[in-house]
Amino acid sequence: MNAVRIRFAPSPTGYLHIGGARTALFNWLFARHHGGTFVLRVEDTDRARNTEEAAAAIYEGLQWLGLNWDEGPHVGGDFGPYFQSQRNEIYERYLKKLQDAGHIFEDQGALRFRSPREHVIVDDLVAGKIDFDLSNEQTHPDLTVRRSDGSWIFHFVNVIDDLEMKISHVIRGEDHLSNTPKHIELFRALGVEPPHYAHIPLILNRDGSKMSKRDQGASVDYYIKRGFLPEAVRNYLCLLGWSPKDNREKIPIEEIIPLFDLNKVVRSHATFDPDKLHWLNGEYARELPDDRFQQLARDALRASGVRLENFPDDYIRAAFETCKGKINTFDELVAYCGFYFTHDIGYSPKGVAKNLTAENKPRLQAVREAFVRIENFSANEIEAAMKATAKELGVKVGAIVHPTRFAVTGSNAGPSLYHLLEVLGKEQVLARIDRALVMF
């Protein structure tokens, strides 16, 4: 195979869509697999809709996913500029070449490309050979290359950029497949061979509808803000339309690169399953190095408004240690362990009705008395005291565990009770139990 040069060419009109991210990922993987070049090209000819904020969101999303580009914005390269808005002279030169060869005619102020009116065979690396009949002018009108206001049409500049940047392979969504024969006609009119095309399946919602920009979870930014791990999202996107053929689902990117090839891309549409991504993220979260878990946990709580600077560092670290392996995404942390970082525990009416009952008051008082007697307030000592108290009361341990947890945390779910009590410390635990006891 000749030198692989491949590109991702987003339009900065909004956030980075999850489908665009998957397309970028497949391009990046193909380039890395073949030792080629991954080019980022910004198609910003739609001046009315393009924004710098959208371009920044695309860069951030790609960088967050670890999809570093070899040429493009902020990196440079030998085939720039990498913004279409800066390539007007190049487009003018190729337009003149087509005009001189008789391929362009004017139609109400717009410039159009005169189709040869023939069959075009697209030999697609994913979809296979497809015969497009462009002979009927009614169903396939001549392609506009420049509007009457002087602005360029996507199809024309896209082809010129691929030609000028020596793109060898174009991997894009199959919604572009119908455009491909028109692009091939332009390449042929310019006397050059088109790149190899590969059109990958679209991403659908679980109900079979096409994933649109309005759908929750359709943007990469959504996963950044919700505390997903980039390696988990990237792993999941790899599985949307591609498979290593061994039924594995959790695969490090270092293993995917040598395995990735277009002949393993399936033709059928890929279904986006948020629950599966949530599960996969939890698998990655469980294996995080302690320092990274701690840092991500701190970032997540600070982002939610928790003032961690009010607490000792050792306390914060111990609190988060009780959470590792228990959450799937970092935005779950506030609900899971927020009780560590506030002295004002909220008790829901439903939780009070369930846990702070007349039957439970003497049990909670007995637990408090047992805690007072503990000198070394450690998880082991707390567990022993709880079991002994339950035995004295003639109840199962669960009968005192639940009201104790609710009294101390305001919830019936969370970290291991004995460990969270140790982290909070004897003084704080007794104060919280006292507060709950006055509510009976």
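Modeller: One term first: a salt bridge is a side-chain nitrogen of Lys or Arg within 4 Å of a carboxyl oxygen of Asp or Glu. This is a predicted model, where local features need pLDDT of at least 70 and side-chain atom pairs count only at pLDDT 80 or more, while totals for chains, interfaces and linings use all residues. Residues are numbered from 1 along each chain as its sequence is written, and side-chain values use heavy atoms, with hydrogens and water left out.

Biologist: OK, how far apart are the closest N and O atoms of R206 and D273?

Modeller: The pair ties together distant bits of chain, 67 residues apart: R206 is in the loop between β10 (203-204) and α6 (220-225), and D273 is in the loop between β11 (270-271) and α9 (274-286). Helices (H or I, at least four residues) and strands (E, at least two) are DSSP runs, numbered from the N terminus. R206 and D273 do form a salt bridge, and their closest N and O atoms are apart by 3.2 Å.

Biologist: And D273 itself, what does it count as in terms of accessibility?

Modeller: Buried means under 20% relative accessible area and exposed over 50%, with partly exposed in between (1.4 Å probe, protein chains only). D273 comes out at 24%, so it counts as partly exposed.

Biologist: What about D162 and R41, buried or exposed?

Modeller: Their side chains meet in a salt bridge, 2.9 Å from N to O. That one also spans distant parts of the chain, from D162 in helix α4 (residues 154-164) to R41 in the loop between β2 (37-40) and α2 (52-64), 121 residues apart. Both D162 and R41 are buried.

Biologist: Which residues are linked with R41 and D162 in a network of salt bridges?

Modeller: A search of the whole structure turns up 32 salt bridges. In this network, R41 and D162 are linked with R7, E43, R87 and D161.

Biologist: D221 and K225 pair up too; which helix do they lie in?

Modeller: Their side chains meet at 3.0 Å, N to O, in a salt bridge. D221 is partly exposed at 27% relative accessible area, whereas K225 is exposed at 66%. The two sit four residues apart, about one turn, in helix α6.

Biologist: On to the sheet: what is the strand order?

Modeller: Two strands pair if DSSP finds at least two bridges between them. β4 (residues 110-113) and β7 pair in the antiparallel sense over three bridges, and L111 has R146 of β7 as its bridge partner. The open sheet has three strands with antiparallel pairing, in the order β3-β4-β7.

Biologist: Which of its strands stand at the edges?

Modeller: Look for a strand with a single partner, so that one side is left without a neighbour in the sheet.

Biologist: Now α15 (residues 379-393): how far apart are its end C-alpha atoms?

Modeller: The expected span is 1.5 Å times one less than the number of residues. For the 15 residues of α15 that gives 21 Å, which agrees with the end-to-end distance of 21 Å.

Biologist: What arc do the buried residues of α15 cover?

Modeller: The buried ones are A379, I382, A385, M386, T389 and A390. They lie on the same side of α15, because their arc (taken from the directions from the helix axis to the C-beta atoms) is only 135 degrees.

Biologist: Which residues are exposed on the other side of α15?

Modeller: The cover over the buried residues includes α14 (361-373), α16 (398-409) and α17 (417-424), where contact means heavy atoms within 4.5 Å. On the other side of α15, the exposed residues are N380, K391 and E392.

Biologist: Last one: how many residues of α1 (residues 18-33) are buried?

Modeller: α1 reaches 22 Å from its first C-alpha to its last, and G35, with a positive phi near 65 degrees, follows α1. The helix is mostly covered, and of its 16 residues the number buried is 14.
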